[in-house]
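Q: Could we go through this model together? I would like to start with the annotations and then turn to the helix packing.

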Amino acid sequence: MTINRIGLKLGAAVLVLMIVVLVSSGLAVDRLFTNFYDAQMKDNTQEVAAHFVTMAESNDTSSQSMIRAFAKFSSVRVFWLTDEGKILTFPGEKQPDLSFIRARDTERLHSGRSIAFQNYDRHGNRFYVIGKPVRIGKNTRSAIYIVSSMKKIDDSLQRLRNLLMLSGLGAFLLALGMILIMSKLLSRPLLQMQQMTNKMAKGNWETRLQVRSRDEIGMLGHSINDLAASLQRYRDTRRAFFSNISHELRTPVTYLQGYAKVLKDGLVDSDKEKKQYLSIIYQESIRLEHLINDLFALSKIEEGQIKLNMEWMDLKTTIKTAVQKVKLKAEEKRLSLQLDLHDHVPLIRGDHKRMEQVLLNLLENAIRYTEKGSVLVRLTTTKEATVLSVSDTGIGISEEELPYIFERFYRVEKSRAREYGGTGLGLSIVKKFVEMQGGTVRIDSQIGVGTTFTLIFTHEKKQKRGGMS
Ligand code: ADP
């Protein structure tokens, strides 16, 4: 069983927050209404009490019947403490509960001061009691108690509390439902991602996630799919590379063995034939060296072991040296090798040897993948950068293949790769070296028209000007 941890954590946090908000707002509403009702009720009772005191102080014979009638009408109970110590009750009760009359209050009333307090009867009902002195002439030994029941208010407040509890419970259940749905929606794609990454860890890189949302989780899903795709591509190209590399190594070694054996056993008829075999041995050993160099360079780059010897360098010299080295190859294929090197191109900071290797890789590719036409090396400068390009009129690269061209072991023409003799490592070495020297590589290509690789080196602030021509 999967424990829905995120859902649980999120749900618990939201529920706690919800309970705090509901309880505190419920309490606030309850306090607000209680205070409001109480204050209103106290004001009313005070007002009524004042009327009863006036009636009692009139000292009229009809004052008792007036108080009785008024008490019936106003729904309060009136207790009159006469100066003779008798207690008259209005509208009239047989056995009134007189527990609210306390000796200390009576003393206070006799001294001419009023009292007001809340009281509870033996059934727990709330009452509001007001006591006021009654002055009849100079006599202050008479007082009136007004007792007002708070039952109605308490009933209303109870109804309000029930309502608040009910709506709070409703909101709580609604939130609970929402949280359950939300956590399911949230955790489902995460669980799918977990399953997918587990599969990837076991080497299954073909599966993909079905990404529907466009939020952060959706973006994570896309990233995992991209990761799976690039791992898959990496594995495929590496597999192809290993099968190719074993063949690449075996072919020259077989040639070397075969022709060396023929020469060793003296099985050659003429000097011409001997020279021809020696030339094949030489070519194959060069090819082998090229492959080993590429592998060695790449493994060093990958391990971060390469240290560049950075100095102010003149790109023109490097270009001329590299072009000189590939001239023969171009002539063999009857390609014209052209140079367009602008004057006053600034020196750049770079490693001469690495830059030459970059140029050789680009030039060798240009010659390798061009059957007729020309290869042009151009060096120019703009306000911002020094720009070096190698263009050819060769087979070109399709738009779909361009994004992968700099990946290790990647070859466009997989079936014809051997025929062309490449290793799939040249361009990844080019890109790494150029970036290590602070430059960027751009590629423009069109099938059947040709390819241009452009290296851009942004001018450094303290740029030395080279006046070479
Ligand atoms: P390789 O040693 O196979 O040439 P690279 O890394 O140098 O390896 O190049 C990768 C692939 O890019 C090559 O297999 C080739 O198909 C393609 N490519 C490179 N340069 C060119 C070019 N100038 N014209 C056409 N295709 C090219």
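Q: Which residues does the UniProt annotation "transmembrane region" cover?
A: The annotation, from an unreviewed UniProt entry, covers residues 163-186. UniProt positions are given in the numbering used here, feature names are shortened, and annotations may be inferred rather than shown by experiment. This is a predicted model, in which local features need pLDDT of at least 70 and side-chain atom pairs count only at pLDDT 80 or more, while totals for chains, interfaces and linings use all residues. Residues are numbered from 1 along each chain as its sequence is written, and side-chain values use heavy atoms, with hydrogens and water left out.

Q: How far apart are the end C-alpha atoms of residues 163-186?
A: They lie 34 Å apart, and the span is 100% helix and 0% strand. Helices (H or I, at least four residues) and strands (E, at least two) are DSSP runs, numbered from the N terminus.

Q: And where does UniProt place "domain: HAMP"?
A: The unreviewed entry puts that feature at residues 184-236. The end C-alpha atoms of this span are 37 Å apart, with 74% helix and 0% strand.

Q: What does the domain assignment give?
A: It gives domain 1 (5-155), domain 2 (216-302) and domain 3 (311-458); such bounds come from an automatic or database domain assignment. Between the C-alpha centres of domain 2 and domain 3 there are 21 Å.

Q: Changing topic: at what angle do helix 1 and helix 4 pack?
A: Helix 4 (residues 151-201) packs on helix 1 at about 165°, with the axes 9 Å apart. Helix 1 is therefore roughly antiparallel to helix 4 (angles under 35 degrees count as roughly parallel, over 145 as roughly antiparallel, 65 to 115 as roughly perpendicular and the rest as oblique). Axes are lines fitted to C-alpha atoms, for helices over the stretch in contact, and angles run from 0 to 180 degrees between N-to-C directions.

Q: Which residue classes make up that contact of helix 1 with helix 4?
A: The contact residues divide into 22 nonpolar, seven polar and three charged. Ala, Val, Leu, Ile, Met, Phe, Trp, Tyr, Cys and Pro count as nonpolar, Asp, Glu, Lys and Arg as charged, and the others, Gly among them, as polar.

Q: What about helix 1 and helix 2: which residues meet?
A: Val-48, His-51, Phe-52, Met-55 and Ala-56 in helix 1 meet residues of helix 2 including Met-66, Ile-67 and Phe-70, where contact means heavy atoms within 4.5 Å. The contact comprises eight nonpolar, three polar and no charged residues.

Q: Lastly, how do the axes of helix 7 and helix 8 cross?
A: The axes of helix 7 (residues 315-332) and helix 8 (residues 352-368) come within 9 Å and cross at roughly 35°. Their contact has 11 nonpolar, three polar and four charged residues.
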